[in-house]
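Keep the coordinates open as you read.

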Amino acid sequence: MAPCGLEHKMRKKDCILIIDDDEAIRDACCQALSRDGYRIETAEDGDTGLQKIREIKPGIALIDLKMPGMSGMELLEKVMDIDSNIVAVVITGYATIESAVEAMKQNAYDFLPKPFTPDQLRVVTRRGLERRRLTLESARLQQEKKKMRENFIALVSHQLRSPLVSIQQNLEVFLGRFAGEVTFKQKEILESVNNRIDELIKIINNRLSITCIKSSKIVEKFEPVSLVPILSETIELLRPLAERNKITQKMDSPDSLPIIRGNRESLKQAFTNLISNGIYYNKEGGTLTIRVREEENYLVIEISDTGMGISPEKLPFIFDEFFRVKTRETQGITGSGLGLPIAKSIIETHNGSIKVESEPGKGTTFSVLLPKIEVRQ
Ligand code: ADP
């Protein structure tokens, strides 16, 4: 338990906002709570309450349900939009089950029916502040855990890459016969080892690329870019792969499109991942279509294939790191399960979004939304 003085000091920092049109209630609450050392603010209506919430960011808002103008319920919804961590306690003179349930649905923490005693008010306030402290602490710990995991993976990836590259260089010395003759059988084994090391290095590079995207390095290189040339270059780059897999690539876009702000190389990487998936997971003789169009403030890029599709149970996980669908159809396709998380991170760094629709046996469509800027290309 915190020593008395310390507890008092901690509480002093907590700010409580009382929003009630009844001056007598506001005064009574102030009196009851100021004894505990809180900082107290009041508002006589919803609008003033909202303004104070934006300005002073209180830990708790005590909200009267029945006020002229904006109702308490309406206010509650707006308060949660401003700060979902505010602990809202609803005060009402007509405590019915329905209004309590309604307030809880709007994320109110508790319900205080009038008349209430100063002690009841203090107990609810103390509990509410404790809950807020725990919520904020838990969010902070989650954030810290995420950061530690990222740092750990980045560190391990860096440390693994150098020895692997060095092993690969040595293998190439053998394969190039610079260290003496190599029999056909030995060459076969060495080549297989080399291929596996290649895959490992690719996984590590992909993982490092996620860390790089998350640390916002790509934002530093944002510039106005037009998307169609990026898509055309990507299609061209992947043409040999498409031809090998007997896939026809098609592109359908209007003559003139607005430009976007972004990092050319990383956008190319995101679309390479999406388009190459549309080739790998397609059927022999299938089609991959890329459609681009404007929709309100966005450019929409749809990448559709006519391939194996993804089952509804697996679909929610495909943007998770290292997730791969394991079926008879996918077993011959090598990959790392990092292509989609990389594409998603890049697109979100561009303030865009990505979604997927798929029908097993028919095909998959990835839709990417990127915010446009009004200048046309
Ligand atoms: P990788 O392709 O390297 O395994 P991704 O992160 O790019 O990793 O994709 C994750 C998984 O999602 C793939 O393993 C595959 O099972 C599935 N997937 C991705 N794109 C498609 C697609 N166009 N059609 C069917 N399945 C797909």
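**A helix and a strand**

The buried residues of α7 are covered by elements that include α6 (118-175), α10 (264-280) and α11 (339-349). This is a predicted model, so read every position as a prediction.

Look at α7 itself. The helix runs over residues 184-214 and has 31 residues. From first C-alpha to last it reaches 45 Å, close to the 45 Å expected at 1.5 Å a residue. Its buried positions are L190, N194, I197, I201, I204, R207, L208, S209, I210 and I213. Just after α7 comes S216, with a positive phi of about 65°.

Now turn to strand β3, residues 60-64. Why is β3 described as largely enclosed by the rest of the structure? Buried means under 20% relative accessible area, and 5 of the 5 residues of β3 are buried, so the strand is largely enclosed. In a regular strand the side chains alternate between the two faces of the sheet. In β3, I60, L62 and D64 point one way. A61 and I63 point the other way. Residues on both sides are buried, D64 included.

Next, the neighbours of β3. Strand β1 (residues 15-19) pairs with β3 in the parallel sense, over 4 bridges. Here I18 stands opposite L62 of β3. Strand β4 (residues 87-92) also pairs with β3 in the parallel sense, over 5 bridges. In that pairing, A88 of β4 is the bridge partner of A61. Follow the chain from β3 to β4: the path goes through helix α4 (residues 72-82). This β-α-β crossover is right-handed.

Conventions: Residues numbered from 1 in each chain as written. Predicted model: local features only at pLDDT ≥ 70, side-chain atom pairs only at ≥ 80, totals over all residues. Heavy atoms only, no water. Helix = DSSP H or I, 4+ residues; strand = E, 2+ residues; numbered from the N terminus. Expected span 1.5 Å × (residues − 1). Buried < 20%, exposed > 50% of the residue type's maximum accessible area, 1.4 Å probe, protein only. Contact = heavy atoms within 4.5 Å. Pairing = 2+ DSSP bridges. Right-handed = clockwise from strand over helix to strand, strands pointing away.
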